[in-house]
Amino acid sequence: MGMPMSAHRINLRGPWKLEQGTGTAATAHKIRLPAEWGDLFAERSDRVRLIRTFHRPTNLEPLEIVELVFEHWPGAWVISLNQQPLAEFRDASAESPRRIAVTGLLEPTNTLSAETNLSLQAGRDEQGAPFGTIALEIRTD
């Protein structure tokens, strides 16, 4: 039997920057996640981007793995880390979260962005469900 898997979870609640639109029409304001879908996106219909900076966890051991874990992210998302495309996923739920290993990609300070096109999600009703739960998980296999 191997060692039991242990995980340390850091929730990336905020502040996040919510950007909408492009060019001179772009707007941005600060939000915290998770939040309700309607509170964030009810009045929006085009591309939105959520951006947050975070620091590389300190004292990482050589065998430790760092993953981004997305839960409650309905729809299609494009994830970037430090301006580099990282992954795309659809409909990450609590039952089937999306895990993305980032151990070797982390800088001392990192910028994470998640982008979606709301027009492809028209009429979505999240009924007050939490949207945008995301954490850094540090674990040893």
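1. Asn-82 sits in the loop between strand 7 (73-81) and strand 8 (84-92); strands here are DSSP runs of E, at least two residues long, numbered from the N terminus. Although not a glycine, Asn-82 has a positive phi of about 55°. Asn-82 is buried, with a relative accessible area of 18%. For reference, buried means under 20% relative accessible area, exposed over 50%, and partly exposed in between (1.4 Å probe, protein chains only).

2. Before going on: this is a predicted model, where local features need pLDDT of at least 70 and side-chain atom pairs count only at pLDDT 80 or more, while totals for chains, interfaces and linings use all residues. Residues are numbered from 1 along each chain as its sequence is written, and side-chain values use heavy atoms, with hydrogens and water left out.

3. Asn-59 is another non-glycine with a positive phi, of about 60°. Look for Asn-59 in the loop between strand 5 (47-55) and strand 6 (64-71). Asn-59 counts as exposed, at 69% relative accessibility.

4. Two cis peptide bonds are worth a look. Gly-14 to Pro-15 is cis, with omega near 5°, and Pro-15 lies in the loop between strand 1 (6-11) and strand 2 (16-20). Leu-33 and Pro-34 are also joined by a cis bond, with omega about 0°; Pro-34 belongs to the loop between strand 3 (27-31) and strand 4 (35-36).

5. Four strands form an open sheet in the order 1-12-6-9, with antiparallel pairing; a pair needs at least two DSSP bridges between the strands. Strand 1 and strand 9 (98-101) are the edges, each pairing on one side only. From one strand to the next the twist averages 30°, taken from lines fitted to C-alpha atoms, with angles from 0 to 180 degrees between N-to-C directions. Strand 1 and strand 12 (residues 133-140) run antiparallel and share six bridges. His-8, for one, has Ile-138 of strand 12 as its bridge partner.

6. The Glu-64 side chain does reach the backbone nitrogen of Glu-61, at 2.7 Å.

Notes. A polar contact is a pair of N or O atoms within 3.5 Å; within protein, one must be able to donate a hydrogen and the other to accept it, and residues adjacent in sequence count only if both atoms are side-chain atoms.
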